[in-house]
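Student: I have a structure to study and some questions about it. Can we go through them one at a time?

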Amino acid sequence: MTIRISLTAVTLAAAMALPVAAQEVNVYSYRQPELIQPLIDAFTEETGIPVNVAYIDKGLVERLKAEGKRSPADVILTVDVARLAKAVDAGVTQPVESELIEANIPSDFRDPGNQWFGLTTRARIVYASKERVAPGEVTTYEDLADPKWKGRICTRSGLHPYNVALTAAAIYHLGEEGAREWLKGLKANLARKPQGNDRAQVKAIWAGQCDIALGYTYYMGKMLTNPDQREWAEAVRLDFPVFEGGGTHVNISGMAMTKYAPNREEALKFMEFLTSPEAQEIYAEANFEYPVAPGSKPSELVASWGSFTPDNVNLMDLARLRPTALRLIEEVDFDG
Ligand code: FE
């Protein structure tokens, strides 16, 4: 009898607490749902906390601003440090203090003010024709401006965020004037006007239109697992160029907590879960990327493409140099 009464009391207390704590996490994601679903399933299984994902194609920051305090979003997921920095500048994020997250994310891959955290990296490298380019022919990004590559390079638009970030890294290493010359040299070596996405450049190598192309590493995995594109992938090798005195250009996928997160506690749990080495490995494998947690490893397939030293440019510098990079790309009329 006594037991029965106390149980009722507990149930009542829990029921009264319910409207205060919704016990869920809402995510606004620039990343495709299939990349994060395995992680969400694992998190919900472990904690019982459901996670709702709204996939957003563009205007994530604008949407958060418009929604203000009424926004249901707790966490944002995106790629490119510039996008994360943009969210911070727009005032739609809040700092997150967590010893666990700090232990799992090396300081190079998180905001010094704890506003955003990187989860995986991808390297912007050179896809080289196995037939027409010898191993070791491409060693530096600077080399891509060498006239020996005249008429042999393909790339997507210079104005695409992926190439803007690479140009920002070039400014960091070569200075503004050096980066302008580099862009001019690269443009002079193009086999055709910048067009298409990263995979379209590999297709162009396969078709004999060019010999080397700029692209992100993970597209190799995407092409190899797509029956229509496998042949393109098999025509190329990944070469990992470095900036002289630096390393291979990388960018991150990352996350931040929204300023008005209604489910702060659950969101923190979700973010901590995402940073665990196990979760990073699942996340990285889903998109053929590299996890950043100490001791974590990329998948066997990704590791088989080769290893590299990530560039030493601070990710915040990459974000900060973005406007200058855009201006240079326009000045040299890179896409023209
Ligand atoms: Fe992409």
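**The iron site and the packing around it**

Tutor: Start with the metal: along the chain, the donors of the iron ion follow the spacing Y-x55-Y-Y. Donors are N, O and S atoms within 2.8 Å of the metal (3.2 Å for Na, K and Ca); water is not among the atoms, so sites may look incomplete. This is a predicted model, where local features need pLDDT of at least 70 and side-chain atom pairs count only at pLDDT 80 or more, while totals for chains, interfaces and linings use all residues. Residues are numbered from 1 along each chain as its sequence is written, and side-chain values use heavy atoms, with hydrogens and water left out.

Student: Which residues coordinate the iron ion?

Tutor: Each donor atom is an OH. The distances run from 1.8 to 2.1 Å. The residues are Y162, Y218 and Y219.

Student: Is W305 buried or exposed?

Tutor: W305 sits in the loop between helix 12 (300-303) and helix 13 (315-320). Helices (H or I, at least four residues) and strands (E, at least two) are DSSP runs, numbered from the N terminus. The relative accessibility of W305 is 12%, so W305 counts as buried.

Student: What is W305 in contact with, leaving aside its neighbours within four places in sequence?

Tutor: Contact means heavy atoms within 4.5 Å. W305 and G221 are 84 residues apart along the chain, yet their C-alpha atoms are separated by 9.8 Å. The partners of W305 are T217, Y218, M220, G221, L224, L238, F240, F288 and Y290.

Student: How are helix 2 and helix 10 oriented to each other?

Tutor: Axes are lines fitted to C-alpha atoms, for helices over the stretch in contact, and angles run from 0 to 180 degrees between N-to-C directions. Helix 2 (residues 33-47) and helix 10 (residues 264-275) pack at about 120°, with axes 11 Å apart. Under 35 degrees is roughly parallel, over 145 roughly antiparallel, 65 to 115 roughly perpendicular, and the rest oblique. Helix 2 and helix 10 are therefore oblique.

Student: Where is I76, and is I76 buried or exposed?

Tutor: I76 lies in strand 3 (residues 75-79). Among its contacts beyond four places in sequence are Y28, L60 and G254. With a relative accessible area of 3%, I76 is buried.

Key
Buried means under 20% relative accessible area, exposed over 50%, partly exposed in between (1.4 Å probe, protein chains only).
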